[in-house]
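Here are my comments, as numbered points. Please read them beside the model.

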Amino acid sequence: MDAGLGETASISAKLGLALVFLLACSAFVAFHMGGLPQSGFLIAAAVIGGYMALNIGANDVANNVGPAVGSKALTMVGALLIAAIFEAAGAIIAGGDVVGTIKNGIIDPTQMPDAQTFVWAMMAALLAAALWLNLATWFGAPVSTTHSIVGGVMGAGMAAVGIGAVNWPTMGTIAASWVISPVLGGLIAAGFLAFIKFRILYTEDRVTAARKWVPILVGVMVSAFTMYLMMKGVKKIWKAETPVVIAIGVAAFFLTVIPVRKAVFRASASMTGRRKEIASLFRIPLVVSAALLSFAHGSNDVANAIGPLAAIVSGVDSGQIVTSAPIPIWVMVIGALGISAGLILFGPKLIKTVGSKITKLDPIRAYTVALSAALTVIVASALGLPVSSTHIAVGAVFGVGFLRESLSHRRRKVASPMLVDRPENEQGDEHIEALRQIDPSEAEKAEKKMRKRLLVRRRYAVTIATAWVVTVPAGAFLGALLFFTIRGIML
């Protein structure tokens, strides 16, 4: 009972702090714009934008730091601090000073009858996306904030103008990303994990193998993240051509390998080859990757909160429909601080889901998830495929888990001692051997059970996949409903 009361008090305190943030947003806008026409509308828009930013922090950021926390490379507090700092830095430094107000070209703004209708649609879309993210977080499902706002814009646009306002080919590519993103992320993560297992962990001399391959793997990660940041993290500051991005990525690889090789030799000098020792070599790259993913996420996804808000501010100020708008500094600050506040207050729930509830992660597995997140975006961008960073990261976690299952079952079928992660299976093997001396039939049952064991929790797969599929339709329904509500209030 005491624990329940404590949890209730904790939730109440978090909700109270979130309310204080939203009140601060409204107070700031009221103080600076109280004398302007429709100032009340701007205050409401600022609160909704802040609410959206809180929900982005609560839901989407988990993908960046969840694997690092689940693998114990970072503590929860450390992850929250790193992510909050780098999310805010990415939003403020590299978020850009102009933002597109119609997310992904989902609707045709020229079909809007007037600026007022456009502003109502943007407010409805923003609130719809925020409400859906809030609901998904409550259910423990990491969903795409981009898809949430896309759904809101689509629904509000159809309510305002009609079904013809929607760019349906673009919606088709977004629907394709529901499959493309997790599958690509899962395949790349599983591929790198299989490489590490067969080239390092399943060898007779793990230390020698680690000295050979870990520097190369870290070099690949540095190269991937260098290109990833250039393509996604700082593209609004400097948009480099593809050959330049590739050249810098290759240079980053070679500049990394030599110093990392020396560091690995020093770190492995006293190692005996235990898996935990080898895994420790991936901790620092994993922490750095969490910071860089957060920076890139802040620079990109802050637009999901401030894009519609900037559209509302520009529309109210100019009386015109805007497809790209300058971002007032206060709008950027609301987005940056809101994401960080939402992460700190409500992020741990989704961080735990991504980091430990889908499948068990250690630094090696978490490293492959982080690397997959960067490489998948690079590959998809090169092929012109639509992808979601949320779907990539979660798909990578599932890919790692399903590979573990496959290798575990294969090992028991072929009875090969090389295809086993000893720290995970050794205790079960010893139990079966001891049981075989007492009751062979029970030992056989236990062995069959272990042979069929599932290392991925299926119920999370069903919940998350369902949330992904319904995100755009749910956002659209809420967007349409809220547009009619707002129009009814304002008329």
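1. His147 is buried, as its relative accessible area is 5%; buried means under 20%, exposed over 50%, and partly exposed in between, with a 1.4 Å probe and protein chains only. This histidine sits in helix 6, residues 145-160. Helices here are DSSP runs of H or I with at least four residues, strands are runs of E with at least two, and both are numbered from the N terminus.

2. What does His147 touch, leaving out residues up to four places away in sequence? The list is Ile174, Ser177, Trp178, Ser388, His391, Thr471 and Val472, where contact means heavy atoms within 4.5 Å. With Ser177 there is also a polar contact, side chain to side chain, at 3.2 Å. A polar contact is a pair of N or O atoms within 3.5 Å; within protein, one must be able to donate a hydrogen and the other to accept it, and residues adjacent in sequence count only if both atoms are side-chain atoms.

3. On the source: this is a predicted model, in which local features need pLDDT of at least 70 and side-chain atom pairs count only at pLDDT 80 or more, while totals for chains, interfaces and linings use all residues. Residues are numbered from 1 along each chain as its sequence is written, and side-chain values use heavy atoms, with hydrogens and water left out.

4. Lys72 is not a glycine, yet has a positive phi of about 70 degrees. Its place is the loop between helix 3 (62-70) and helix 4 (76-94). Lys72 counts as exposed because its relative accessible area is 65%.

5. Pro326 belongs to strand 2, residues 324-326. At 54% relative accessibility, Pro326 is exposed as well.

6. Two or more lining residues come from each of helix 1 (2-33), helix 2 (39-59), helix 5 (115-139), helix 13 (329-346) and helix 14 (348-357). Helix 1 gives the largest share, eight residues. The lining has 20 residues, and Ile11, Leu15, Asn134, Thr137 and Phe346 lie nearest the centre. By type, 13 are nonpolar, four polar and three charged. Ala, Val, Leu, Ile, Met, Phe, Trp, Tyr, Cys and Pro count as nonpolar, Asp, Glu, Lys and Arg as charged, and the others, Gly among them, as polar.

7. On the pocket terms: on a 1 Å grid over the protein atoms alone, a pocket is an open set of points where a 1.4 Å probe fits, with protein on both sides within 12 Å along at least five of seven lines, and lining residues have an atom within 4 Å of a point.

8. Rings of Phe, Tyr and Trp (its six-membered ring) pair if their centres lie within 6.5 Å; planes under 30 degrees apart are stacked, over 60 edge-to-face, and the rest tilted. One of the pairs, Phe28 with Trp330, is tilted, at 6.4 Å between centres and 45 degrees between planes. This pair links distant parts of the chain, helix 1 and helix 13, 302 residues apart. Phe28 is partly exposed at 36%, whereas Trp330 is buried at 10%.

9. Phe398 and Phe402 form a stacked pair, 6.2 Å centre to centre with 20 degrees between the planes. Both lie in helix 16 (residues 389-414), four residues apart, about one turn of the helix. Phe398 is buried at 10% relative accessible area, and Phe402 is partly exposed at 38%.
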